[in-house]
Amino acid sequence: MGGSAAVITIAHRPGCAPVTSRPPGQVPRALRYWARRGICQAGEMNPSTALPHVVIVGGGIAGLAAAFFLRDEPVRVTVLEGSPRLGGKLSVSEVAGVPVDEGAEALLVTRPEGTGLIAEVGLASDRMAPGTTSSAIWTLGALRPLPRRQFMGVPSDLAELARSGVVSGAGAARASQDLDLPPTTRDGDVPVAAFVGARFGAEVVDRLVDPLLGGVYAGRSSDLSFDATMPALAAASRRYQSLAEAAGSLLPPPSPVAVPVTAGEQDRAPAGTRSGGSVFTSLSGGLGQLPAVLAKASGAEVRTAAMTRALSPMPGAAGAPATGPRWRLTVGSAAVEEVIDADAVILAVPARPAARLLVGVPGASAAITAFGEISYASMAIVTLAYPRSAFPGAFPGSGLAALGWSGYLVPAVDGRAVKAVTFSSVKWPHLAEATAPGAEPLEIVRCSVGRIGEEALLQRADEELAALAAAELAAATGVNGAPVAHRVTRWGGALPQYTVGHLDRVARIRAAVATLPGLAVCGAAYEGVGIPACVATARAAANQVTEFLRGGRQ
Ligand SMILES: Cc1cc2nc3c(=O)[nH]c(=O)nc-3n(C[C@H](O)[C@H](O)[C@H](O)COP(=O)(O)OP(=O)(O)OC[C@H]3O[C@@H](n4cnc5c(N)ncnc54)[C@H](O)[C@@H]3O)c2cc1C
């Protein structure tokens, strides 16, 4: 017997006539489960039709991870991705013949969810460690070292802060007052800038904390929530009078290894390293290779160009028997509309589409309101390729590595368009090695453009954005001449803003969704924008629908 339409014997239930049989060890776990539950149709069970149907809306990392986590469950899974491409914010393509990530490029190893997923799909041997992780801040006219003893920009070593030159002498003196100031009280959630500014003064906020938060959220510290973007520090700040001491309590003991900075993870990225390595990892073919591998490994039916336009509870579902499909999804254009029924649905989409899909679902209004309060920042990644000799090095051909950094951040107060730069071929040495044999090695640089509120900047044409990024790079690094290749990737509405009150918003969403049987949500809108955090929400959503289906679907 081959193919997916396997038929198994349901021996213990009257009316389920044996059709065929095979040794118990060869019966898939999903079918054994339903056989144990005595469920069959017309005497036999065809798994493609009899298994409960879970539909996942959204084929980004969260949706695909949720599908993967359901792979051994007794369910049939369909992933509906609206765009023509899987992966959401994960995508890789070539620049000057070198595969370079267009979106997320690294993930934290200090949380197990991301690396665990990579291992489970068989990509552990493709993991790459950064070549160097020390970063700079481009401010006050020079590239200056990002202090190593800091937590999301909050300094723990005020002498190191003063030595770095990232803040002025007066700014360093103001920051050191943190050690003597009485405790700063706060009632409820506050903006990061308000609390950190009260302890250290405006310069630390503007030249350290704001750029680091900008690198993760493309957001501003004056809006972002202290509790949501730095939960561990917010909690520690209630135990220590000095915020520098609170930050120090979260850092590993001082180490000679330098600090990474650019990945999209917030609070749990301490300014230190794991024993023996960096806190970040990537994949040799780019993180953008993960979605396709994940989709295949999930065993799910994964569809692209399948935009879900509407979601509704099945007619009569409220009082209906617990065995029928709960949800109906409308997919595709109005002209070519498709209806798909599901026993459970996972929404793995950003806040706005999630809210749109819930319109008309009884009991969802509190979630719709809270989703509507989550704004998103747009940004672009401008990737530039240069011959190595274009960079003035310590000696001919030493290239970007001679600068000693993996990239730099740019404070918004300095008025530049580019907010963060990654020296990709330095940070990920395998990219430098990918240059065609015999050709001069290339330096690949990724420039991140656009903070919340800077949409006008992003309206410029690709050529203009690339020229702007190249000009600012030249001012910072002294690179000579134009890039030999460039790529502009636009990420509209890309990063959720965890503004003041975010935790409350998420609690309201989760409470409302919990009242809707067979519905779960996951993704970057909730408990962290970094990939491991998204994967954690995917695992939870998969567990929720599994429990729902196992528990009699009440
Ligand atoms: C430029 C950039 C760089 C980043 N760098 C890093 C990094 O280095 N490390 C890190 O950890 N994180 C990084 N992040 C953050 C991280 O990549 C994202 O938070 C994460 O990938 C979001 O995954 P998701 O599945 O929640 O959402 P998404 O990736 O947004 O996926 C949601 C999917 O749902 C689809 N969709 C929406 N509406 C519908 C609908 N109605 N029907 C069907 N499909 C729909 C969308 O097309 C999309 O594919 C970065 C983000 C950006 C933008």
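In this predicted model, helix 3 and helix 20 touch through a set of side-by-side residues: Ile61, Ala62, Ala65, Ala66 and Phe69 in helix 3 meet Ile531, Cys534, Val535, Thr537, Ala538, Arg539, Ala541 and Ala542 in helix 20. Sorted by class, eleven of the residues in this contact are nonpolar, one is polar and one is charged.

Two packed helices are described by the angle between their axes and the distance between the axes. Helix 3 covers residues 61–69 and helix 20 covers residues 531–550; their axes come within 8 Å and cross at roughly 45°.

How do the axes of helix 14 and helix 19 cross? Helix 14 (residues 365–372) and helix 19 (residues 502–514) have axes that come within 8 Å, with a crossing angle of roughly 150°. An angle over 145 degrees counts as roughly antiparallel, and therefore helix 14 and helix 19 are described in that way. Their crossing is left-handed. On the helix 14 side, the contact involves Ala366, Ala367, Ala370 and Phe371, which meet Arg505, Arg508, Ile509, Ala512 and Val513 in helix 19. This contact has seven nonpolar residues, two charged ones and no polar ones.

These pairs belong to a protein with 20 helices and 22 strands. Of its 554 residues, 53% are buried. Among contacts with a separation of 6 or more, 71% are between residues 24 or more positions apart.

Key: Residues are numbered from 1 along each chain as its sequence is written. This is a predicted model: local features need pLDDT of at least 70, side-chain atom pairs count only at pLDDT 80 or more; totals for chains, interfaces and linings use all residues. Helices (H or I, at least four residues) and strands (E, at least two) are DSSP runs, numbered from the N terminus. A residue is buried if 20 or more other C-beta atoms lie within 10 Å of its own, exposed if 12 or fewer, and partly exposed in between; C-beta atoms are placed from the backbone. Two residues are in contact if their C-beta atoms, placed from the backbone, lie within 7 Å. Axes are lines fitted to C-alpha atoms, for helices over the stretch in contact, and angles run from 0 to 180 degrees between N-to-C directions. Angles under 35 degrees count as roughly parallel, over 145 as roughly antiparallel, 65 to 115 as roughly perpendicular and the rest as oblique. A crossing is left-handed if the near helix is turned anticlockwise from the far one by less than a right angle, and right-handed if clockwise. Ala, Val, Leu, Ile, Met, Phe, Trp, Tyr, Cys and Pro count as nonpolar, Asp, Glu, Lys and Arg as charged, and the others, Gly among them, as polar.
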